[in-house]
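Biologist: I would like to learn how to read a structure like this one. Could we take a few features in turn?

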Amino acid sequence: MFATGAAAVLAFLAIWEAACRTGSVDPIFLPPPSAVLDRGLAMVADGTLLGHVLASARRVMAGFLAATAVAIPLGIFLGTSRYARAAFDPILSFLRPLPSMSWIPLSLLWFGITETQKYSIVFMGTFAPALVYVIDATRNVDPLLVRAAQNLGASRWQVMREVILPGSLPQILSGLKVILGLAWTCVISAELVAAREGLGFLIMNGKEFFQTEVVVLGMVLISVTVLLTDFVFRLIENRVLRWQR
């Protein structure tokens, strides 16, 4: 299966390269893969490329971890309390449809063009979806298990720790994996508007100077970085959920 996928990718790149070389596609609007690779190697050699990747990754992880640190305990609480959920649901219904881009003007007023502003965009863009995932995961725990633990004399804290948290953890981790990909969308949105480094800045800077190979390079690096973070998340998930095997 891996060989088939690799062959398909190589065939796609070959067709793309040939289309640009033969003039079927204007390289100004879509550069050939070789030009993108050459630009990437040049930026690796001068040390600028790694800085852009690390800047975006730092912003993603800071905002994502802050959002999950709030969303997980709050989501478990709301998922187990019908009255608290009813009170908070209007606020969540208001926050959930708002895209990360809509927070950019306010965040610039609040924090200026700072790292905190980038972190806040990722936080705002991922908090509500993460909270929804955690609430749903908590509510999907088998109520028979909860009642059985209560009948055996378990306290509310023991039920939370021994039944609800282990029962909801697989779904929570699956949801957070999706949210991590969303966090990259949020940070790119922030960097396209107000940043001096990062993959979003790299793409916008390439557009301003009509360096389309830089634009495509930034797009490729976003995909590769997301795939790498997803792979690391899977390793963490497999380690945390060893008892499921």
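Modeller: Start with what a helix label means: helices are DSSP runs of at least four residues, numbered from the N terminus. This is a predicted model. In it, H52 is found in helix α3, which spans residues 48-80.

Biologist: Is H52 buried or exposed?

Modeller: Buried means under 20% relative accessible area. H52 has 10% relative accessibility, so H52 counts as buried. Setting aside neighbours within four places in sequence, H52 is in contact with M43, E197, G198, L199, F201 and L202.

Biologist: Which residues touch the most other members of the largest nonpolar core?

Modeller: That core has 55 residues, and F64, L131, I164 and L199 touch the most other members. Helix α8, residues 156-193, gives the most to this core, with 15 residues. As for L131, its contacts beyond four places in sequence are A71, L74, G75, L78, F88 and L92.

Biologist: How is a pair of packed helices described?

Modeller: Two values are used: the angle between the axes and the distance between the axes. Here, the axes of helix α5 (residues 104-111) and helix α6 (residues 115-139) come within 9 Å and cross at roughly 145 degrees. The crossing of α5 and α6 is right-handed.

Biologist: Which residues of α5 and α6 meet?

Modeller: From α5 there are I104, S107, L108, W110 and F111, and they meet T116, Q117, S120, I121 and M124 of α6. By class, this contact has six nonpolar, four polar and no charged residues.

Biologist: What is found at the start of helix α7?

Modeller: Helix α7 covers residues 143-151, and at its start a side-chain oxygen of D142 reaches to within 3.0 Å of the backbone nitrogen of L144. Just after α7, G153 takes a positive phi of about 95 degrees.

Biologist: Which residue other than glycine has a positive phi value near 55 degrees?

Modeller: Most residues other than glycine have a negative phi. F210 has a positive one, near 55 degrees. F210 is found in the loop between α9 (199-208) and α10 (212-240).

Biologist: Is F210 buried or exposed?

Modeller: Exposed means over 50% relative accessible area. The value for F210 is 55%, so F210 is exposed.

Notes. Residues are numbered from 1 along each chain as its sequence is written. This is a predicted model: local features need pLDDT of at least 70, side-chain atom pairs count only at pLDDT 80 or more; totals for chains, interfaces and linings use all residues. Side-chain values use heavy atoms; hydrogens and water are left out. A nonpolar core is a set of buried Ala, Val, Leu, Ile, Met, Phe, Trp, Tyr and Cys residues joined through side-chain atoms within 4.5 Å. Buried means under 20% relative accessible area, exposed over 50%, partly exposed in between (1.4 Å probe, protein chains only). Helices (H or I, at least four residues) and strands (E, at least two) are DSSP runs, numbered from the N terminus. Contact means heavy atoms within 4.5 Å. Axes are lines fitted to C-alpha atoms, for helices over the stretch in contact, and angles run from 0 to 180 degrees between N-to-C directions. A crossing is left-handed if the near helix is turned anticlockwise from the far one by less than a right angle, and right-handed if clockwise. Ala, Val, Leu, Ile, Met, Phe, Trp, Tyr, Cys and Pro count as nonpolar, Asp, Glu, Lys and Arg as charged, and the others, Gly among them, as polar. A polar contact is a pair of N or O atoms within 3.5 Å; within protein, one must be able to donate a hydrogen and the other to accept it, and residues adjacent in sequence count only if both atoms are side-chain atoms.
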